[in-house]
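Please look over the sequence and the model below before reading on. The text then goes from the whole chain to single residues.

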Amino acid sequence: MIRASPSKLEVFLGLPGAGVAAEYDVSRMRNLRIEHPPKHSGKSWRGSHIAFDYGANSGAFGSNLSEFEMAEIKGSIEIASGKTIRRGDATDEELTGTWEPMVVLASNAADESGIDVSAAPTEPVTLGSPSTLALIIANIVPLAGAAFLGWDLGNVMVLYWAESAVIGFFNIGKIIVIGRWFALLAAPFFLGHFGAFMAVHFLFIYDIFVQGIQDTIGGDLTEVMQMFASLWPALAVLFASHAFSFYRNFLGRKEFRGKTVQNQMSEPYSRIVFMHVVLIFGGGLTLVLGEAMPVLLIVIALKTWIDIKAHLKQRTMAD
């Protein structure tokens, strides 16, 4: 963790609650930058990290950081300290002086003396946030398809099944971000388990809502592919919505912090199972009543509400 105040920059190392801190004078720091250590070097373990010149010496902190994160941290340090980290060569005074950081025992708990800049503050996700609006727009597409393009219950159920596959796809990306090398084992395990779950789920949806309970003839793969082809615009919008949320929230807001691979592997199931319980209930009601369109529109609206509620709840828990 690092913390900046008007008088110093503190870089903490230790256990939660206590450790040691190297204190730097921000006015003496120069050339804040990202360094990429070569493989098999002494610093390769920390990946891309922030480095800076300090008098005749240098300092470093962080691990696996991007240029974007470095810019955020630099801006936070300068705002908190009220000083600009300059670029350029050292002066003669800097080269001859003994400017070593002061190392002290310190608590790494947050207090009022400085601002923690290791995690840039993020705005809360609300109903008007871009990712929420993108989710709403993505859910309007199936609503428009049902109302104006003649999509039936089977089309919508298959579309939402495909959206679940999209959720699983981006969950693999989240597992990779969290687990790094461990993801080589975790991601295939999740893919196998989730893939089996999705296969059984599709057979259930296809047999009841597409083929029909009374139809005992096996399904035609060509018809299935044609159905997916007709749904691709809506699926593309749903994919874009989840991709935007992954980039803006999981990566941009750093929601991966504090998460474990085990928790991330189980995260998609609760949302998908609850969503499809509602869809199947609504679909069954449609089959019983025989009036597909009114119930179908209600099901889509209810699914949209569930999506929004889950999206906001997940962001709140991440904060």
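The protein chain holds 9 helices and 8 strands. What is shown is a predicted model. Of its 319 residues, 42% count as buried. The accessible surface of the chain is about 17400 Å², and carbon and sulfur atoms make up 66% of that surface. Contacts can also be sorted by how far apart the partners are in sequence. Among contacts with a separation of 6 or more, 69% are between residues 24 or more positions apart.

Three strands form an open sheet, in the order S4-S5-S6, with antiparallel pairing. Strands S4 and S6 stand at the edges and have a single partner strand each, so one side of each is left without a neighbour in the sheet. From one strand to the next, the twist averages 25°. Strands S5 and S6 run antiparallel and are joined by 5 bridges. In one of the pairings, tyrosine 54 has asparagine 57 in S6 as its bridge partner. A helix also belongs to this picture: H1 lies across S4, S5 and S6, and runs at about 155° to S4.

With a relative accessible area of 17%, aspartate 53 is buried, because buried means under 20%. Its side chain makes a polar contact of 2.8 Å with the side chain of asparagine 31. Leaving aside neighbours within four places in sequence, aspartate 53 is in contact with Arg28, Met29, Arg30, Asn31, Arg33 and Ser58.

One of these contacts is also a salt bridge. Aspartate 53 and arginine 33 form it, and their closest N and O atoms are 3.4 Å apart. Arginine 33 lies in strand S4 (residues 29-35) and aspartate 53 in strand S5 (residues 49-54), so the pair ties together parts that are 20 residues apart in sequence. Arginine 33 has 24% relative accessibility and counts as partly exposed, whereas aspartate 53 counts as buried. The two residues also belong to a network of salt bridges that links Arg30, Arg33, Glu35 and Asp53.

How many salt bridges does a search of the whole structure find? It finds 7. Another of the salt bridges is formed by glutamate 78 and lysine 74, with the closest N and O atoms 2.8 Å apart. Both residues are in helix H1 (residues 67-81), and because they are 4 residues apart there, about one helical turn separates them. Glutamate 78, at 19% relative accessibility, counts as buried. Lysine 74, at 22%, is partly exposed.

A further salt bridge joins lysine 174 and glutamate 267, whose closest N and O atoms are 3.8 Å apart. Lysine 174 lies in helix H4 (residues 153-179) and glutamate 267 in helix H8 (residues 261-289), so this pair ties together parts that are 93 residues apart in sequence. Lysine 174 is buried, with a relative accessible area of 13%. Glutamate 267 is partly exposed, with a relative accessible area of 26%.

Asparagine 139 has its place in helix H3 (residues 130-148). Is asparagine 139 buried or exposed? Its relative accessibility is 1%, so asparagine 139 counts as buried. The side chain of asparagine 139 reaches the backbone oxygen of leucine 135 at 2.9 Å. Apart from neighbours within four places in sequence, asparagine 139 is in contact with Tyr160, Ile300, Lys303, Thr304 and Asp307.

Methionine 198 is found in helix H5 (residues 183-210). Methionine 198 is buried as well, with a relative accessible area of 5%. Where does the chain bring another residue close in space to it? Methionine 198 and tryptophan 161 are 37 residues apart in sequence, and their C-alpha atoms are 7.8 Å apart in space. Once neighbours within four places in sequence are left aside, methionine 198 is in contact with Trp161, Ser164 and Ala165.

Technical notes: Residues numbered from 1 in each chain as written. Predicted model: local features only at pLDDT ≥ 70, side-chain atom pairs only at ≥ 80, totals over all residues. Heavy atoms only, no water. Helix = DSSP H or I, 4+ residues; strand = E, 2+ residues; numbered from the N terminus. Buried < 20%, exposed > 50% of the residue type's maximum accessible area, 1.4 Å probe, protein only. Polar contact = N/O pair within 3.5 Å; in protein donor to acceptor, adjacent residues only side chain to side chain. Contact = heavy atoms within 4.5 Å. Salt bridge = Lys/Arg side-chain N within 4 Å of Asp/Glu carboxyl O. Areas by Shrake-Rupley, 256 points an atom, 1.4 Å probe, with all protein chains shown as cover. Pairing = 2+ DSSP bridges. Axes fitted to C-alpha atoms, helices over the stretch in contact; angles between N-to-C directions.
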